[in-house]
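The following exercises concern the geometry of one protein model.

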Amino acid sequence: MQTVNKQFILALSVGLMAGFMVAYVLITPEVTEAMRRMDFHTSQEMMHVAGPTIDPGDHGVDEEFHRLEDRDVAESMYRKVRVLCWVMTGPDNHEKKAKHVKNTWGKRCNIILFMSSKEDKNLPAVALPVKEGRNNLWAKTKEAFRYVYNNYRDEADWFLKADDDTYVILENLRYMLQPYHPSEPIYFGCKFKPFVKQGYMSGGAGYVLSHEALKRFVEVGLTNSTGCSKRNGGAEDVEMGKCMEAVNVVAGDSRDSMGRGRFFPFVPEHHLIPGHVSKDFWYWQYIYYESKEGLNCCSDNAVSFHYVSPNQMYVLEYLIYHLRPYGVSFHVDTPTAESASGGHKNSTR
């Protein structure tokens, strides 16, 4: 009888545990749902997401298709359009996220820096005198650009800010920027329309400042401009937009010649699949220009996507830089001002 009771109790315990696990999956909160879908709308949802613990390795550059690649234009642009990338991160994400940026798209920056509150020479990460947390993102952004200006302003022409869950195609960024001169006071990104008259750039999609824009931000905006908040708090991208407008930096138009966007605040699926993002979602009220859903949403020369998990970064790396349909090739013409800027050069609307 005692043996039967033990077996009954064991079976009951296993059953209860299994039932609890099934119920947990079914009624789990939004964060767990997002983790299961690997499809994110907020940084909080991505807080516990980490990249692979085993190095995915190098796909290799000696394979047949890569030997046949002509990278002359891309390499020429690398030299002519120098981009410094600084990535917003924190000590908890150095291993989980930042190192995977370094292993993927970050290696195509002319200079890459990771801005944190703790030094990490392996990344490298710069220890800024700012506390971590969303309430300090604006302060961190100001200190990061100040550090870049004081230490690297003569080593790059353009200065890109991105998050550690942003994926950037640097070749397309350089292609878009090449008609413009670094001496122009301008910056680019995914333009939103509330809060700032000329619009402002989404922080998550990343935004890029010209050399002159960086100079005005640091020398004027951070010193004596009343239009640039001296507080630590506030939405980083909105405060940046207000400051750019206050120091007369133009919020540029990053669309291509067909009016399609290049910088995106979500993963490709959110923009490519009609109905994936409800029309009631804030994005549709914020986006500055009319934005389509489906395959016509996005430029063939798209620059960035946001809320990209570390695993997805390696997937994008493979799809963009390694996967090739056999027998299909395309000719790359020397970029012109009209083709790169889409006829929107110097336009703020």
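The model is predicted: local features require pLDDT of at least 70, side-chain atom pairs count only at pLDDT 80 or more, and totals for chains, interfaces and linings use all residues. Residues are numbered from 1 along each chain as its sequence is written, and side-chain values use heavy atoms, with hydrogens and water left out.

**Exercise 1.** State how many helices and strands the protein chain has.

*Solution.* Helices (H or I, at least four residues) and strands (E, at least two) are DSSP runs, numbered from the N terminus. The protein chain has 13 helices and eleven strands. Of its 349 residues, 49% count as buried, where buried means under 20% relative accessible area, exposed over 50% and partly exposed in between (1.4 Å probe, protein chains only).

**Exercise 2.** Check the span of helix α12 (residues 310-321) against expectation, and determine where its buried residues lie.

*Solution.* Step one: the expected span is 1.5 Å times one less than the number of residues.

Step two: P310, M313, Y314, L316, E317 and Y321 are the buried residues of α12. Viewed down the axis, they fall within an arc of 160° and therefore line one face of the helix; the arc is that of the directions from the helix axis to the C-beta atoms.

**Exercise 3.** Classify the packing of α5 (residues 94-103) against α12.

*Solution.* Step one: the axes are 9 Å apart, at an angle of about 10°. Axes are lines fitted to C-alpha atoms, for helices over the stretch in contact, and angles run from 0 to 180 degrees between N-to-C directions.

Step two: α5 and α12 are therefore roughly parallel (angles under 35 degrees).

Step three: K96, K97, H100, V101 and N103 of α5 meet P310, M313 and Y314 of α12 in this contact, with contact meaning heavy atoms within 4.5 Å.

**Exercise 4.** Locate N248 and Y307, and decide whether each is buried or exposed.

*Solution.* Step one: N248 lies in the loop between α9 (236-246) and β10 (250-251). Its phi is near 60°, positive in a residue other than glycine. N248 counts as exposed, at 57% relative accessibility.

Step two: Y307 lies in the loop between β11 (304-305) and α12. Y307 has a positive phi of about 60° and counts as buried at 11% relative accessibility.

How values were computed: Parallel < 35°, antiparallel > 145°, perpendicular 65-115°, else oblique.
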